[in-house]
Amino acid sequence: MGFFDTLADRTAATDSVVSVGLDPDPDRLPEFVADADLPRWAFNRRIIDATHEHAACYKPNAAFYEDADGWRALKETAAYAEGKGVPVLLDAKRADIGNTTRQYSEVLDWVDAITVNPYMGRDSLQPFLDREEKGVFVLCRTSNPGGEDLQGLELASGEPLYERVAALADVWNANGNVGLVVGATAPEELAEVREIVPEIPFLVPGVGAQGGDAEAAVEHGLADYPGADVDVGLVNSSRGIIFAGEESSAPDDEATYFGAAGDAAKRLKKRLNRFR
């Protein structure tokens with residue numbers, strides 16, 4: 001099965017399009033995990049236990065794991081999530097040329113999907129695209145304010161750069177494994193990209209702490225993916241779920257702290273499902 005087939009099955013089983021971002025900022029980890037051999041893994045395991053019933057996918061960001069213990073924690077996290085039946089999308093934004101990008105693509109041996117940067121063109125992405133069973137999410141219109149600096153530039157054809165990226169992704173999607181990253185903080189652009197690529201699933205960040213448009217994220221982020229019984233796509237929240245315990249009634253109590261993450265994931269699922 002390809003990644004999007006797996007994701008469709010997971011969405012149907014959980015009635016959820018929630019992607020939980022596993023970004024264990026060491027400065028925010030609670031005391032309960034501080035003395036563990038791998039604190040980030042210990043934290044993630046408890047978050048997964050609390051949220052997996054409501055998660056269509058987990059999305060660890062590579063930035064929080066790029067050291068020796070971090071990669072160990074990430075591998076443990078990926079294996080544990082998949083043991084719970086939840087696919088793992090590594091938010092790494094990789095791409096390069098030649099042997100370098102082939103090395104980058106080897107991370108797909110132990111995760112189900114990855115985000116990539118299209119700035120260097122198709123050859124920089126080809127080793128990822130060739131992994132037919134893996135998902136490849138191409139950055140298109142990102143949720144950060146600075147995304148407009150380049151992504152909104154008008155080309156000679158009159159179209160903005162992000163629309164050209166969407167059109168190219170459609171061409172690159174020969175194996176049916178390409179998705180796009182389009183932020184919920186730019187709902188008009190989200191709708192425009194959906195018109196260009198009606199069948200490509202989106203990863204939509206920005207609904208949680210960034211305050212993006214949840215209704216637009218669902219209406220335009222989910223695709224009528226060929227062969228799937230449900231619309232396919234992901235709406236991500238990271239800090240709003242995994243650190244919800246900081247605002248709980250008893251943040252120093254372990255069960256309450258991680259229970260708050262489960263409650264936050266459940267609330268987001270219900271919120272998004274109102275628009276499905």
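**Legends to the overall fold and close-up views**

**View 1. Overall chain of the predicted model.** About 55 × 45 × 35 Å is the span of the C-alpha trace along its principal axes. The chain has eleven helices and eight strands (DSSP runs numbered from the N terminus; helices are H or I with at least four residues, strands E with at least two). Of the 276 residues, 54% are buried (under 20% relative accessible area; exposed is over 50%, partly exposed in between; 1.4 Å probe, protein chains only). This is a predicted model, in which local features need pLDDT of at least 70 and side-chain atom pairs count only at pLDDT 80 or more, while totals for chains, interfaces and linings use all residues. Residues are numbered from 1 along each chain as its sequence is written, and side-chain values use heavy atoms, without hydrogens and water.

**View 2. Negative surface patch.** Glu31, Asp35, Asp252 and Asp253 form the patch (residues with over 30% relative accessible area and no salt bridge, like charges joined within 9 Å; a salt bridge is a side-chain nitrogen of Lys or Arg within 4 Å of a carboxyl oxygen of Asp or Glu). Asp253 sits in the loop between helix H10 (239-242) and helix H11 (254-273). Because its relative accessibility is 36%, Asp253 counts as partly exposed.

**View 3. Arg271 in helix H11.** Helix H11 contains Arg271, which is partly exposed at 32% relative accessible area. Arg271 and Glu215 are separated by 56 residues in sequence and by 8.8 Å in space, C-alpha to C-alpha.

Key
Patches are made of residues with over 30% relative accessible area and no salt bridge: like charges are joined within 9 Å, nonpolar side chains (Val, Leu, Ile, Met, Phe, Trp, Tyr) within 5 Å. Accessible areas come from the Shrake-Rupley method with a 1.4 Å probe; for residues, only the protein chains shown count as cover. Lys and Arg count as positive and Asp and Glu as negative; His and the chain ends are not counted. The place of a charge is taken as NZ of Lys, CZ of Arg, CG of Asp or CD of Glu.
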